[in-house]
Amino acid sequence: MTLSIPSTTATMTPEDIAAQEAALTFPRFTHLDALKVGEALTREGLSRGLPIAIDVYLFERTVYSAGLPGSTADNLDWIRRKRNVVLRFGKSSFRIGRERAAKGVSLHDNAAISEVDYAAHGGSFPILVEGTGPIGAISVSGLPGHEDHATIIAALTKLRAEA
């Protein structure tokens, strides 16, 4: 399976991201799969010298976490905030951000959604299982949002092809 990953947020629509979510739905996703995708993201990040933090969150707990050289504590907070968007809406943080931008509104226009706890920027993607829905999130922080998103998509595409 090959997915198109536009290089800028300007060319990626909410529909593009929804198609990625549909294509990257797994028949099953286990703790071992979570470790595989976390390790794949780590290997890719190290080989490219990316200053990223990685988090794979499954069944209400972090299963894999890594902070690569150059990442900071701020990256962990961005992960938490982007992951909260995925857990609340069941869609990627990038998709939520693009949907809101298309409507000309911010996620934070709703007073119940605090900027302290939610960030609708690229970099957190739902772990979706056929017939079940979202069971967790894979998050990356340290690059521009569309690149965080693209990094996750590449790793999940590879894992999905192996499933």
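The largest pocket of this predicted model has a volume of about 260 Å³. A pocket here is an open set of points on a 1 Å grid over the protein atoms alone, with protein on both sides within 12 Å along at least five of seven lines, and lining residues have an atom within 4 Å of a point. Because the model is predicted, local features need pLDDT of at least 70 and side-chain atom pairs count only at pLDDT 80 or more, while totals for chains, interfaces and linings use all residues. Residues are numbered from 1 along each chain as its sequence is written, and side-chain values use heavy atoms, with hydrogens and water left out.

**Largest pocket**
- Of its 17 lining residues, Gly 97, Arg 98, Ala 120, His 121 and Gly 122 are the closest to the centre.
- Two elements, α4 (93–103) and α5 (145–162), each give two or more residues to this lining; helices are DSSP runs (H or I, at least four residues) numbered from the N terminus.
- The largest share, four residues, comes from α4.

**Second largest pocket**
- About 190 Å³ of space lies in this pocket.
- Its lining includes Ala 40, Leu 41, Ala 154 and Lys 158.
- Both α2 (31–48) and α5 give two or more residues to the lining.

**Helices α2 and α5**
- The axes of α2 and α5, lines fitted to C-alpha atoms over the stretch in contact, come within 10 Å and cross at roughly 130 degrees.

How values were computed
1 Å grid on protein atoms, 1.4 Å probe; cavity = no way out; pocket = protein on both sides within 12 Å on 5 of 7 lines; lining within 4 Å. Points joined across faces, edges and corners; volume = space filled by probe spheres on them. Axes fitted to C-alpha atoms, helices over the stretch in contact; angles between N-to-C directions.
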